[in-house]
Amino acid sequence: MAGERARLAATALPDLPDTIGVAGPFVGVHNNALIVAGGANFPVPAGGDLWEVPKVYYADAWVLVRNGESFKWKTGFKLKKPVGYGMCVSTDKGVVCIGGQTGETVYSDVFRLEWDAKKKNLNHTKLPPLPSVCTGGMAALIGEVVYVAGGQSGAGLGTATKNFWRLDLGDNKPKWEKLPSWPGPERAFNQMVAQHNGREMCLYVFGGRRQDANVEGIKGIIAMNDVYEFSPVRHKSGKAEAWRKRKESPKPIMAGTAVAVGQSHVFVVGGADGGGLERIAADAEFVKTHPGFPKRAWAYHTITDTWIDAGPLPANHVTTPAVKWGDDIIIASGEIKPRVRSAKVWRLTPIKNEKPFGAINFTVLVLYLLAMVGVGVWFMRKSKSTDDYFRGGQNIPWWAAACSIYATMLSSLTFVALPALVYATDWLLYVGMLMIPAVAPLAIYGVMPFFRRIDATSAYEYLGKRFNLPVRLLGSGLFTLFHISRMGIVMALTALALSAVTPLTPWQSVLIMGVLCLIYCTMGGVEAVIWTDTIQTVVLLGGAVVCVFYILGGVGGGLGGVLDLANANGKMTLVNLDFSPDSFTTLALWVIILGGIGQNLSSYTSDQAVVQRYMTTKSIDAAARSIWANGIMAVFGSLLFFFIGTGLYAFYHSNPAQLNPTIQNDQVFPMFIATELPVGIAGLIVAGIFAAAQSTVSTSMNSTATTLVTDFLRPFNRCDSEAGYLKAAKVLTFMMGVLGTLAGLVFISPEIRSLMSEYFKVIGMFMGALGGLFLLGILTTRAHARGAFIGLLGGVAVMVWIWRATETSGYIYAFIGISSCLLIGYAASVLLPAEKHDLENLTLHTLKKQEAGDV
């Protein structure tokens with residue numbers, strides 16, 4: 001069709017050495033080589049008739065090796081016997097080949113083909129056989145577990161089955177296990193693909209064909225278009241149905257081939273739609289002039305449960321599996337119309353659905369970022385001492401401090417990752433956002449007085465006074481490690497998201513953010529950071545409101561349409577009342593509440609980046625107002641971003657063709673901004689995301705430099721004068737920025753499906769135990785230095801074990817870290833002797849009444 005939009009670019013690789021080609025081969029990739037083995041065709045002798053020769057099965061195997069963009073076939077390899085129409089799946093150890101048939105004989109054999117690149121040899125490894133013979137089914141892989149679905153137990157379609165088995169290759173003695181099959185009819189020559197649905201990795205079984213039990217022959221073939229999703233997680237828990245029916249494909253798909261693309265799409269790149277069955281049944285001669293199977297691709301989106309026409313294909317090869325080779329889809333040989341094979345090997349590459357960012361948007365982006373640097377230059381002249389550089393001379397208005405706390409705790413993570421997470425899941429995390437104001441009174445009345453009483457520049461000065469210098473240094477060092485990781489995560493998230501909508505690659509974005517932060521943060525200190533944070537907050541919240549109107553305009557029925565779609569598809573779920581023994585692995589209500597409390601307690605008590613903000617205000621009352629204001633902003637700001645996530649789901653459910661299948665889920669909101677918003681506005685909001693990440697990074701740079709100067713240099717009198725400490729502060733700020741930028745380059749990974757989820761783990765890993773250390777000092781008088789030191793190390797050890805050995809939800813990591821440090825530290829303090837220590841104004845039990853004029 002002229003002008004039709006293609007979503008796959010096709011290039012031809014070298015033809016299969018078998019000049020006719022084969023249908024039903026085993027196909028897979030191992031050690032960067034494409035393996036094609038077995039299969040069947042109809043070799044026609046000179047002067048012969050294709051429709052009279054018998055089908056021949058082969059034991060030949062071919063290996064296509066590559067060197068860059070150079071490809072060459074290696075031949076001369078053999079299977080143990082001729083076989084075709086089996087199932088296969090690529091694994092790290094080789095291509096697992098399952099079942100199949102030779103004529104009327106169907107097999108249960110399972111083996112693995114392994115390409116030895118050094119010896120140029122194709123090895124065979126025997127694996128446990130299937131529970132029963134099977135051919136014409138489909139296999140898929142999740143982790144190390146191989147799944148097989150459908151197929152026939154005999155040569156005829158009347159033997160189609162509902163087989164559903166799995167084999168865990170990670171077991172020492174793997175054994176096939178029978179699983180409950182889908183709630184639909186039996187089928188053969190079906191498709192099955194493993195793909196993520198935004199919540200978990202699932203299997204999608206769809207299409208195929210079966211025989212009407214009451215009608216023989218071609219007339220009785222039923223082409224199928226039903227789709228079923230299988231969740232291994234739901235199956236394991238037993239708390240919900242493992243299978244659920246999904247939206248049917250627009251047309252039946254028989255003997256087709258499908259593959260996962262990106263993080264949430266399934267592309268069907270071959271298949272018969274049954275369109276010629278009635279004609280063949282009525283006219284046996286029609287099969288000889290069959291035009292070939294439709295050269296049409298289809299795409300299914302697992303999150304929105306929608307199908308689209310994915311455009312034309314150069315050819316339609318059926319009865320051959322599609323495999324991934326790097327980012328490309330490979331279709332090797334197969335059948336292009338009844339009895340006719342093709343030796344062609346196609347490489348399909350998904351085409352990005354891009355809208356040029358444009359000169360206007362790019363100009364807005366550059367000007368905005370330069371303006372943020374200008375803020376740093378402006379405040380550079382005001383930093384005369386470390387007090388100015390680290391605390392802004394304690395002259396920051398409470399509302400600016402509130403905006404800075406909001407930007408520090410959430411920032412671009414909220415703007416980019418939170419809507420993406422809600423778009424893919426639901427509203428379960430919103431209860432956790434309500435814990436921000438819930439914890440505010442604890443911060444105002446239970447924590448902040450201690451920092452104000454000792455006039456702290458670094459939060460860890462409290463640990464030195466309450467315990468001793470080694471505990472202070474350990475806490476400060478742990479904080480520094482956390483914020484280097486945090487800088488990396490924030491920059492990587494933003495870079496990955498913006499690479500979908502700007503000409504910049506992720507590593508270029510990270511470097512630009514890092515360099516600009518080094519400039520304005522090193523020059524301007526905390527005052528520059530706070531005022532840029534305030535500007536970012538206004539721009540991002542205003543931009544979010546603009547986006548809401550454009551989202552509503554793209555959904556039929558506006559607000560009502562969004563809510564109807566969201567409710568109909570379970571996207572507005574607020575509470576998960578799961579209290580079962582394994583609910584700690586989920587986002588159950590108790591996990592959300594405890595996790596939210598833990599994360600925010602850690603931030604308000606032990607995160608220098610937050611403590612530093614409420615130490616920049618003139619008085620304790622102003623600091624309290626900044627904390628309350630941040631809590632209110634967090635509640636309503638989160639409500640806005642959660643709604644945007646739901647709105648994006650409704651928008652792309654209504655407009656599935658506008659989704660780019662090549663993007664990561666974290667890129668969905670920036671993609672919407674760049675493609676759906678007017679030029680100029682899009683550039684401003686993208687610039688705001690960029691700069692918001694910078695403000696978060698600059699906050700981490702300044703706060704880590706603050707702790708290094710205050711905790712590691714001043715106690716040892718490493719500088720001779722205030723000017724020396726100010727110079728050291730700027731040098732350390734620069735160094736922390738360099739380390740954070742390097743961490744950002746390391747964290748750039750297309751395999752991470754939700755950086756928001758990874759961020760929760762990082763908070764818990766580093767800040768949970770540290771928050772417990774502060775609470776240990778504030779809440780108890782029995783705790784002493786040795787107990788605190790043991791408690792902190794014990795809390796970190798517990799968190800490492802939780803991370804490595806359990807499936808605990810990352811959302812509750814911080815609470816576990818706090819609890820473990822508190823319990824271990826208190827127990828150690830009770831059991832170990834300690835010297836007497838003056839605790840006046842250092843615990844809640846020894847805090848004297850505040851005198852007039854105290855701040």
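Rings of Phe, Tyr and Trp are taken as a pair if their centres lie within 6.5 Å. On this basis, Phe 450, Phe 451, Tyr 460, Tyr 462, Phe 479 and Phe 774 form one aromatic cluster in the predicted model. A search of the whole structure returns 28 aromatic pairs.

Tyr 462 belongs to helix H9 (residues 461–466), and Phe 774 to helix H19 (residues 755–779). The contact therefore ties together parts that are 312 residues apart in sequence. Tyr 462 has a relative accessible area of 1% and is buried. Phe 774 is buried as well, at 0% relative accessibility.

A further aromatic pair is made by Phe 651 and Tyr 652. Here the geometry is edge-to-face. The distance is 5.0 Å centre to centre, with 85° between the planes. Buried means under 20% relative accessible area. Phe 651, at 4% relative accessibility, therefore counts as buried. Tyr 652 is also buried, at 0%.

Aromatic faces also receive charged side chains. Arg 66 is placed over the face of Trp 325, at 5.1 Å from the ring centre. Arg 209 sits over the face of Phe 189. In that case the distance from the ring centre is 4.5 Å.

The surface carries a nonpolar patch. Its members are Trp 507, Leu 511, Val 731, Phe 734, Met 735, Val 738, Leu 739, Leu 742 and Leu 745. Together these residues have about 760 Å² of accessible area. Helix H11 (506–553) and helix H18 (722–747) are the elements that give two or more residues to the patch. H18 supplies the largest share, with 7 residues. Met 735, one of the patch residues, is found in helix H18. Its relative accessibility is 42%. Partly exposed residues fall between the buried limit of under 20% and the exposed limit of over 50%, and Met 735 therefore counts as partly exposed.

Methods
Residues are numbered from 1 along each chain as its sequence is written. This is a predicted model: local features need pLDDT of at least 70, side-chain atom pairs count only at pLDDT 80 or more; totals for chains, interfaces and linings use all residues. Side-chain values use heavy atoms; hydrogens and water are left out. Patches are made of residues with over 30% relative accessible area and no salt bridge: like charges are joined within 9 Å, nonpolar side chains (Val, Leu, Ile, Met, Phe, Trp, Tyr) within 5 Å. Accessible areas come from the Shrake-Rupley method with a 1.4 Å probe; for residues, only the protein chains shown count as cover. A salt bridge is a side-chain nitrogen of Lys or Arg within 4 Å of a carboxyl oxygen of Asp or Glu. Helices (H or I, at least four residues) and strands (E, at least two) are DSSP runs, numbered from the N terminus. Buried means under 20% relative accessible area, exposed over 50%, partly exposed in between (1.4 Å probe, protein chains only). Rings of Phe, Tyr and Trp (its six-membered ring) pair if their centres lie within 6.5 Å; planes under 30 degrees apart count as stacked, over 60 as edge-to-face and the rest as tilted. A charge sits over a ring if NZ of Lys or CZ of Arg is within 6 Å of the ring centre and within 35 degrees of the ring normal.
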